[in-house]
Amino acid sequence: MIIIEQQLISSKNSKEIYKPKGTNCFIVGKNKRALESEKNLILELSLKKKQFQNELKGISFPTYILFKIYRKDRIRFDYVNIIQLLLDCMVKVGIFEDDNANFLIPAFYPYEIDKNRPRVEISFKNIEEVKL
């Protein structure tokens with residue numbers, strides 16, 4: 001199991017409209033909070049890349065990627081929305097070639113509240129190991 005030591009945010013719900021300097025057009029992009037979260041995720045994932053490689057030994061693709069999410073509060077969220085930035089960052093740092101259905105099948109354990117230590121626990125299972 002790999003633990004990401006931060007609370008995930010939804011990149012879908014973290015957008016803003018801005019006008020780049022020197023242009024006459026507006027762009028929709030990530031807000032400051034989402035950019036900061038992305039920067040922190042990339043740093044943490046880069047530091048744990050070797051751990052991911054060890055966890056993925058013997059795993060065939062597509063694989064189940066299992067998430068246990070611990071939130072610091074009870075604010076409503078969508079599972080899929082908050083893992084999207086995490087998955088995108090995993091691709092950026094080279095943990096996965098892509099996060100599409102040919103590589104990953106996301107699954108979730110029910111979330112829990114941990115006010116003092118929000119985090120995400122990630123594990124992997126081969127398709128043969130999971131009975132649906």
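The model is predicted, so local features need pLDDT of at least 70, side-chain atom pairs count only at pLDDT 80 or more, and totals for chains, interfaces and linings use all residues. Residues are numbered from 1 along each chain as its sequence is written, and side-chain values use heavy atoms, leaving out hydrogens and water.

**Exercise 1.** Find out which residues the cis peptide bond joins, and where proline 62 lies.

*Solution.* Start with the bond: phenylalanine 61 and proline 62 are joined in cis, with omega about 0 degrees. Helices (H or I, at least four residues) and strands (E, at least two) are DSSP runs, numbered from the N terminus.

**Exercise 2.** Decide whether lysine 68 is buried or exposed, and find what its side chain reaches.

*Solution.* First, locate lysine 68: strand S4 holds it. Then check its relative accessibility: at 13%, lysine 68 is buried (buried is under 20% relative accessible area, exposed over 50%, partly exposed in between, with a 1.4 Å probe and protein chains only). Finally, follow the side chain of lysine 68, which reaches the backbone oxygen of proline 110 at 2.7 Å.

**Exercise 3.** Work out which residues of H1 are buried and how they are arranged around the axis.

*Solution.* List the buried residues of H1: Ala34, Ser37, Glu38, Leu41, Glu44 and Leu45. They sit on the same side of H1, because they cover an arc of only 135 degrees around the axis (taken from the directions from the helix axis to the C-beta atoms). Now turn to the other side of H1, where Lys32, Lys39, Leu43 and Leu47 are exposed.

Methods:
A polar contact is a pair of N or O atoms within 3.5 Å; within protein, one must be able to donate a hydrogen and the other to accept it, and residues adjacent in sequence count only if both atoms are side-chain atoms.
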